[in-house]
Each structure stands twice: as C-alpha cells, then as structure tokens.
Amino acid sequence: MTPPRRSAARSVASVEHGTDAPRLDPVDPRGLVDVGSDGTDQPGTDHPGTDHPSTDLPGPHDSRELERYVGADLTDRDLEGTSFSECVFESPRLGAARLRGARFVESVLSDSFAPELAASRSTWHDVRVERPRWGSAELFDADLRSVRIVGGKIDYLNLRGARLTDVVIEGCSIGELDLGGVTALRVALVDCRVGTLDVTRASLAHTDLRTTSFSRIDGLAGLSGATIDVDQLSMLAPVLAAHLGLVVD
C-alpha cells in the first residue's frame with residue numbers, strides 16, 4: 001500500500017459559529033524499509049542509504065524510524081516506551097501489545113486489529129489511523145496532537161484524562177467514548193456513530209460534535225465548550241431538563 005498523501009491544507013472544515021476547525025499537518029512517510037510479519041527484511045526493499053533501521057521487530061524502549069511493517073504480528077509484545085517516527089503499519093495485529101508510554105510521530109496505521117489495545121500515556125503526534133478494529137482501546141492520559149482517525153469500529157475508546165489538540169475522528173463507529181477529564185482543543189467528530197459519550201469533568205474548547213449521533217451522554221456539564229446542532233439539542237432537551245431540575249408541563 002502506498003502511504004496516503006494528504007492535502008497540505010491544515011484545516012479540515014471552515015470556521016463556523018466561532019468554532020475553530022482542527023489543524024492537521026500532512027503525513028507522508030517516504031524512503032521506508034519494509035519489515036515483514038516475522039520482522040525480516042523483505043526481498044526487493046529499496047534502501048535509500050547504507051544506514052537503515054534494524055529489521056528485527058521492535059522491543060521495549062526501542063527507537064525506530066522510516067520503517068514499513070507489513071502484516072506484523074505484535075500480539076503480546078512488550079513495546080513500552082518504544083518510539084516510532086515516520087513509520088507505516090499495514091494490517092498490524094496489536095492484541096495485548098504493551099504500548100504504555102509508546103510514541104508514534106508522523107506515522108500511519110491502517111487496518112490495525114486489537115481486541116485490547118493497551119496504550120496508556122502514549123503519544124500520537126501527526127498520525128493517521130485508518131479503519132481500526134479495536135475492542136477495548138485504553139488511551140487514558142495519552143497525548144494526541146494532529147491526529148485523524150478514519151472509519152473502522154471501536155467498542156470502547158478510553159481517552160480519560162488525555163490531551164487532545166487538533167484531532168478528527170471521522171466515519172467511525174464507537175460503542176463507548178470516554179472523554180472524562182480530557183483537555184480538548186479543536187476536536188471534531190465527523191459523521192460518527194457513538195453509543196455512550198462520557199464528558200464528565202471534561203474541558204472542551206472548539207469541539208465540534210455536529211453530524212455525529214449519540215445514544216446517551218453522561219456528565220452533561222462537561223459539554224460546555226462543545227458545538228452541537230439543532231437536532232442534537234432537541235434530542236438532549238429531556239436530559240438537560242432533568243439535569244437542571246426543570247419541570248416541563
């Protein structure tokens with residue numbers, strides 16, 4: 001797969017009603033070394049220079065750059081504190097991989113599969129995630145900046161206490177989205193389907209929830225700073241009335 005090319009345009013939507021759109025930098029890794037599912041260098045790989053990354057699969061606290069992982073099985077692998085810079089992952093299996101404190105910078109993950117993604121306190125800067133299939137995704141206390149998640153299905157996305165800056169989640173089905181205690185700036189959920197949204201004690205600024213549907217919202221006070229549309233307001237009216245102790249007669 002050719003790494004996706006993204007428009008140099010930083011904003012994904014126009015500014016409306018005083019809500020600033022996320023600003024995303026281009027992600028286009030080039031000159032990559034292919035690493036196979038068993039961690040071996042693939043035949044025909046074009047090495048741009050004599051000093052290229054190790055083709056062994058990474059371990060804890062490794063620093064890897066300019067690598068393409070094709071169908072890599074990282075199940076149960078200890079990747080705590082590992083740093084990936086300008087890397088591409090195609091169909092990686094990440095089930096129970098230990099990614100606490102890992103760093104992904106200027107990288108692309110496509111068609112990743114993880115019944116349980118353990119990535120608390122991880123860092124994601126200038127990253128594109130395409131069509132993830134994640135069960136329980138534990139990204140609490142993570143730092144996401146200039147990140148786009150496109151498509152896919154996530155049963156439980158735990159971003160509790162995370163820092164989100166310039167983040168877009170688009171066309172994704174999420175069973176439960178936990179934004180409790182997050183600090184969010186220029187975040188947009190675009191055409192998503194969310195079962196339960198938890199914004200308890202969240203701090204939201206320029207957070208656009210229009211075009212996304214929710215079955216339930218917990219922690220209504222945490223919605224302050226978010227932008228919703230008229231239809232969403234109508235859906236929330238009974239819940240807001242109960243939250244405020246209003247009697248509707």
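Is Thr-19 buried or exposed? Thr-19 is buried, since its relative accessible area is 7% (buried means under 20%, exposed over 50%, and partly exposed in between, using a 1.4 Å probe and protein chains only).

## Before we start

What you're looking at is a predicted model, where local features need pLDDT of at least 70 and side-chain atom pairs count only at pLDDT 80 or more, while totals for chains, interfaces and linings use all residues. Residues are numbered from 1 along each chain as its sequence is written, and side-chain values use heavy atoms, with hydrogens and water left out.

## Around Thr-19

Let's go back to Thr-19, which sits in the segment before strand S1 (33-35). Strands (E, at least two residues) and helices (H or I, at least four) are DSSP runs, numbered from the N terminus.

Leaving out neighbours within four places in sequence, Thr-19 touches His-206, Thr-207, Asp-208 and Thr-227 (contact means heavy atoms within 4.5 Å). With Thr-227 there is also a side-chain polar contact of 2.5 Å. A polar contact is a pair of N or O atoms within 3.5 Å; within protein, one must be able to donate a hydrogen and the other to accept it, and residues adjacent in sequence count only if both atoms are side-chain atoms.

## Salt bridges

The whole structure has 17 salt bridges, each one a side-chain nitrogen of Lys or Arg within 4 Å of a carboxyl oxygen of Asp or Glu. Take Arg-64, which is buried at 5% relative accessible area. Arg-64 pairs up with Asp-62 at 3.5 Å, N to O, and Asp-62 is partly exposed at 27%. Glu-67 bridges to Arg-64 too, with the closest N and O atoms 3.2 Å apart, and both Glu-67 and Arg-64 are buried.

Now for Asp-141 and Arg-121, whose closest N and O atoms are 3.6 Å apart in their salt bridge. This pair links distant parts of the chain, 20 residues apart: Asp-141 is in the loop between strand S9 (133-138) and strand S10 (143-150), and Arg-121 is in the loop between strand S7 (113-118) and strand S8 (123-130). Asp-141 counts as partly exposed because its relative accessibility is 25%, and Arg-121 does so at 46%. Elsewhere, a network of salt bridges links Asp-111, Arg-128, Glu-130 and Arg-131.

## A nonpolar patch

Finally, Leu-246 is in the segment after helix H1 (230-244). Leu-246 counts as exposed because its relative accessibility is 53%. Together with Leu-244 and Val-248, Leu-246 forms a nonpolar surface patch with about 350 Å² of accessible area.

Patches are made of residues with over 30% relative accessible area and no salt bridge; like charges are joined within 9 Å and nonpolar side chains (Val, Leu, Ile, Met, Phe, Trp, Tyr) within 5 Å. Accessible areas come from the Shrake-Rupley method with a 1.4 Å probe, and for residues only the protein chains shown count as cover.
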